[in-house]
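Have the structure open as you read.

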Amino acid sequence: AIILILRHRRPRCAHNNGQRAWGAMLSLEMDQSEMSTYSELQSNLSRATQELQLTTSKLQQRSRDGQMSAITFKALSEVPDDTRVHTQMGKAFITRPLDEVRSGLQKKEEECRREATTLASKKTTLEGRVKQIEQEMQEFIQAHLKPSESGGTA
């Protein structure tokens, strides 16, 4: 039997200036196959959390891109149609027709909105997956807690 000692962290709280504090240590008793199951749960949680963070970051970026396109389109809608418009291509600027720039901005805004909707549903799915893995991990830990000599666990 393998005995694994874990120190869990308490949630952030006001009396610790928003910092997490270390809680009590937990002793888990498990055999080799249960240890591999625990390691797999940890790696699944790590992967799901990373994927959730990446998806959240992409969602925020797409929302910003869409807002920027909408703001730019609104600013260009007040400009006369015969105005010369320059768009950046690498380090150079190219003169383009105003209506072509406006249609490009509209397309980009619609594309960003579609991608943001897709990413939002993916984020919701990932949040559920992270919560499920955390619950499975908590159940696993509860099932393998070693009886404490002090009479209780914290």
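**Salt bridges and a helix pair**

R113 has a relative accessibility of 48%, so it counts as partly exposed (between buried, under 20% relative accessible area, and exposed, over 50%, with a 1.4 Å probe and protein chains only). This is a predicted model, in which local features need pLDDT of at least 70, side-chain atom pairs count only at pLDDT 80 or more, and totals for chains, interfaces and linings use all residues. Residues are numbered from 1 along each chain as its sequence is written, and side-chain values use heavy atoms, leaving out hydrogens and water.

R113 forms a salt bridge with E109 at 3.2 Å, N to O; the term means a side-chain nitrogen of Lys or Arg within 4 Å of a carboxyl oxygen of Asp or Glu. The two are four residues apart in helix α2, so about one helical turn separates them. Helices here are DSSP runs of H or I with at least four residues, numbered from the N terminus.

By this rule there are six salt bridges. One of them joins R129 to E51 at 3.8 Å, N to O, linking helix α2 to helix α1 across 78 residues. R62, D65 and E115 are linked in a network.

Now look at the helices themselves. α1 (residues 32-77) and α2 (residues 98-143) pack at about 160°, their axes 7 Å apart, where axes are lines fitted to C-alpha atoms over the stretch in contact and angles run from 0 to 180 degrees between N-to-C directions. That makes the pair roughly antiparallel, the term for angles over 145 degrees.

Conventions:
Angles under 35 degrees count as roughly parallel, over 145 as roughly antiparallel, 65 to 115 as roughly perpendicular and the rest as oblique.
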